[in-house]
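Q: I have a structure open and would like to go through a few of its residues. Can we take it one spot at a time?

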Amino acid sequence: PIDPTMKITATTHATWYGAPPPLFCTPKTEEMPWTGYWDHSYSCNNGWKNPPEFCDLYEGQKSGRFDNSVAVSSRGGRTDVEGCC
């Protein structure tokens with residue numbers, strides 16, 4: 001059975017340039033009704049921007065970000081990470 005209240009984050013992840021952060025699951029919320037995709041090519045160290053942007057999702061991150069502007073389905077057709085752990 002799916003536990004829609006479960007929140008968990010993995011403890012390991014890849015370390016290549018632009019690698020995504022650890023896998024996570026979390027309940028759907030009004031602020032996050034779906035998940036998008038990981039954009040590995042996004043330059044996140046932009047201290048000159050207003051407000052400044054930094055790669056802060058994990059230690060050693062050099063690029064990448066979550067783009068949640070549109071819902072992206074998984075192979076199973078899900079557009080959220082609720083209960084996926």
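Q: Which residue does the disulfide join to C44?
A: C55 is the partner of C44, and the S to S distance is 1.7 Å. Keep in mind that this is a predicted model.

Q: What is a disulfide, in general terms?
A: Two cysteines have their sulfur atoms linked by a covalent bond.

Q: How many disulfides does the count come to?
A: The count is 1 disulfide.

Q: Where are C44 and C55 in the chain?
A: Both C44 and C55 lie in the loop between β3 and β4, 11 residues apart. Strand β3 covers 37-39.

Q: Is the disulfide right-handed or left-handed, and why?
A: The torsion about the S-S bond of C44 and C55 is about 95 degrees, so this disulfide is right-handed.

Q: Are C44 and C55 buried or exposed?
A: C44 is buried, and C55 is buried too.

Q: New topic: D80. Where is D80?
A: D80 sits in the segment after β4, the strand that spans 65-67.

Q: Is D80 buried or exposed, and why?
A: D80 has a relative accessible area of 13%. Buried means under 20%, so D80 counts as buried.

Q: What does the side chain of D80 make a polar contact with?
A: The side chain of D80 has a polar contact with the side chain of R78, at 2.5 Å. The D80 side chain also reaches the backbone nitrogen of E82, at 3.0 Å.

Q: And which residues is D80 in contact with, leaving aside neighbours within four places in sequence?
A: With those neighbours left out, D80 touches K28, P33, W34 and T35.

Q: Let's follow P33, then. Where is P33 found?
A: P33 belongs to the loop between β2 and β3, where β2 is 24-25. Apart from neighbours within four places in sequence, P33 is in contact with K28 and D80.

Q: How does P33 count by accessibility, and why?
A: P33 has 33% relative accessibility, so P33 counts as partly exposed.

Q: What separates the C-alpha atoms of P33 and T11?
A: Those C-alpha atoms are separated by 24 Å, and the two residues are 22 residues apart along the chain.

Q: Last one: which residues form the nonpolar patch on the surface?
A: That patch consists of Y37, V70 and V72, which together have about 230 Å² of accessible area.

Q: Where is Y37 found, and how does Y37 count by accessibility?
A: Y37 is in strand β3. With a relative accessibility of 38%, Y37 counts as partly exposed.

Methods: Residues are numbered from 1 along each chain as its sequence is written. This is a predicted model: local features need pLDDT of at least 70, side-chain atom pairs count only at pLDDT 80 or more; totals for chains, interfaces and linings use all residues. Side-chain values use heavy atoms; hydrogens and water are left out. Helices (H or I, at least four residues) and strands (E, at least two) are DSSP runs, numbered from the N terminus. Buried means under 20% relative accessible area, exposed over 50%, partly exposed in between (1.4 Å probe, protein chains only). A polar contact is a pair of N or O atoms within 3.5 Å; within protein, one must be able to donate a hydrogen and the other to accept it, and residues adjacent in sequence count only if both atoms are side-chain atoms. Contact means heavy atoms within 4.5 Å. A disulfide is a pair of cysteine sulfur atoms within 2.5 Å. Patches are made of residues with over 30% relative accessible area and no salt bridge: like charges are joined within 9 Å, nonpolar side chains (Val, Leu, Ile, Met, Phe, Trp, Tyr) within 5 Å. Accessible areas come from the Shrake-Rupley method with a 1.4 Å probe; for residues, only the protein chains shown count as cover. A salt bridge is a side-chain nitrogen of Lys or Arg within 4 Å of a carboxyl oxygen of Asp or Glu.
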